[in-house]
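Have it open while you read, and follow along topic by topic.

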Amino acid sequence: MLSTGYSIHSPLRYKLAPFLLMLILIVCLPSMAHADFGVNLPEGVTPISNKIYGLHMTIFWVCVAIGVVVFSVMIYSMIFHRKSKGAVAANFHESTAIELVWTLVPLAILIMIAVPATRVLIDLENTDEAEMTVKITGYQWKWQYEYLDEKISFFSNLAKGAREATRDAEKRGSIDHYLLNVDKRLVLPINKRIRFLMTSNDVIHSWWVRDLGVKQDANPGFINDSWATITKPGIYRGQCAELCGKDHGFMPIVVEAKTQEDYDVWIKEQKAIAAAAAAAGDREWTKDELMVKGQEVYSTSCAACHGVTGQGVPGAFPAMAGSKVVTGDVKEHIKTVMDGRAGTAMQAFKGQLDDAAMAAVITYERNAFGNNTGDLVQPATIKAAR
Ligand SMILES: [Cu+2]
């Protein structure tokens, strides 16, 4: 006869029990100590996130009630109808009444759950009567926000320093909201019904801000929508929630909700910044100015792929150091950065960088990483090339 060494009736099982209990405690205790993470869904700060929370709690309590009923019957039966008490199993095969009950009761429960769930879903999808619209475009790896009513548009990148700190535990610890911070926040007014339009410039991304109750895919070639009415001023953080390539974890979202007055002030500032940037593109720049600005642009817009030191990633992203394009004909270099390379991760930066930023980053590439070409590219040259 085959033997497995010990059967389930073996006393070994009882000897193992305390160890298993210890193991469970060891695994669970640290997470209990971090109770400030919370164990429930957050309620959020929008009507829709509150409704999602309410739905979650309703269904949770339905589950608890079912659990209590089922386990009470089980435990009662095990105690009062156990074999040692001489209980004999009842036999109710092919009882129409019982079969009807155990089909109809779960059906009724499912309908009870489906009604509120459908209501929330319909509300979630209804973006009518919006008071303002923000178009959100996912890029590898940043977000673009366009305030369609205000004609304001900008990119929101991972905050400075975070990318460089990824492999350095000490530096990471010293960074405020490491990987959850951006260089420019999406500022929104409170108590306004805001419609979001989501799309993508390259692959599928997903715009997810938990406290707003918004998680919507951003697909290239499609526009999805979602909405929020933020009820409390504050800072709400989120992330891209769709695996979108190498730096998927490096495209956080930060929403700053302000009162209407503060929001209006911010809008004014943004318009002034845009006007200043346009003026900056109209003058002649010195080499130093171009190099300083160029390094800044390079580190936020190019370093993710081409590397901080211009070495690229072999087999995926070409090095800028010693590149034929970067050290060769300026026109070809400008064209590559403006129009990108179709079908590759090299995107067209035409719509992302203004004349000064484009001129600066090209000048920087041509004079950094040992590419000492001495070439200067002026904003006016870029303007003419557009
Ligand atoms: Cu993404």
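Two strands count as paired if DSSP finds at least two bridges between them. Helices (H or I, at least four residues) and strands (E, at least two) are DSSP runs, numbered from the N terminus. What you're looking at is a predicted model, where local features need pLDDT of at least 70, side-chain atom pairs count only at pLDDT 80 or more, and totals for chains, interfaces and linings use all residues. Residues are numbered from 1 along each chain as its sequence is written.

**Confidence**

- pLDDT is the predictor's confidence in each residue, from 0 to 100; its mean over the chain is 89, and 91% of the residues reach 70 or more.
- Residues 1-8 stay under 50 in pLDDT, and the model has 2 contacts beyond four places in sequence for them. Two residues are in contact if their C-beta atoms, placed from the backbone, lie within 7 Å.
- Where pLDDT is low, the predicted coordinates should not be read in detail.

**Overall build**

- The chain has 11 helices and 10 strands. Its radius of gyration is 30 Å, well over the 21 Å that the globule rule gives for 386 residues, so the chain is more spread out than a compact globule. That radius is taken over C-alpha atoms, and the globule rule is 2.2 Å times the number of residues to the power 0.38.
- Along its principal axes, the C-alpha trace spans about 100 × 60 × 40 Å.
- Of the 386 residues, 23% count as buried. A residue is buried if 20 or more other C-beta atoms lie within 10 Å of its own, exposed if 12 or fewer, and partly exposed in between, with C-beta atoms placed from the backbone.
- Take the contacts between residues at least 6 apart in sequence: 66% of them join residues at least 24 apart.

**The 3-2-1-5-8 sheet**

- This is an open sheet of 5 strands in the order 3-2-1-5-8, with mixed pairing. Strand 3 and strand 8 (224-228) are the edge strands, each pairing on one side only.
- The twist averages 20 degrees from one strand to the next. For angles like this, axes are lines fitted to C-alpha atoms (for helices over the stretch in contact), and angles run from 0 to 180 degrees between N-to-C directions.
- Strand 1 and strand 5 (residues 194-200) run parallel and are joined by 7 bridges. T137 has T199 in strand 5 as its bridge partner.

**The 4-10-9-6-7 sheet**

- Another open sheet of 5 strands has the order 4-10-9-6-7, again with mixed pairing. Its edge strands are strand 4 and strand 7 (214-218), each of which pairs on one side only.
- Neighbouring strands here are turned by 25 degrees against each other on average, direction ignored.
- Strand 9 pairs with strand 10 (residues 253-258) in the antiparallel sense over 5 bridges, and R237 has V254 in strand 10 as its bridge partner.
- Strand 6 (residues 205-209) runs antiparallel to strand 9 (residues 234-240), with 2 bridges joining them; W208 sits opposite Q239 in strand 9.
- Strand 6 is also antiparallel to strand 7, this time through 5 bridges, with V209 opposite V214 in strand 7.
- Helix 5 (residues 260-280) lies across strand 4 and strand 10, running at about 135 degrees to strand 4.

**Helix 9**

- H333, I334 and V337 are the buried residues to look for in helix 9 (residues 330-339). They cover an arc of only 95 degrees around the axis, which puts them on the same side of helix 9. The arc is that of the directions from the helix axis to the C-beta atoms.
- The buried residues of helix 9 pack against helix 8 (324-327), helix 10 (355-367) and helix 11 (379-385).
- On the face turned away from that buried side, you'll find the exposed residues K331 and E332.
- After helix 9 comes G340, with a positive phi near 70 degrees.

- The peptide bond from Q140 to W141 is cis, with omega near 0 degrees. W141 lies in the loop between strand 1 (132-139) and strand 2 (142-147).
- K151 isn't a glycine, yet its phi is positive at about 60 degrees. K151 sits in the loop between strand 2 and strand 3 (152-156), and it counts as exposed because it has 10 C-beta neighbours inside 10 Å.
- H177 isn't a glycine either, and has a positive phi of about 45 degrees. Look for H177 in the loop between helix 4 (169-174) and strand 4 (186-189); with 13 C-beta neighbours inside 10 Å, H177 counts as partly exposed.
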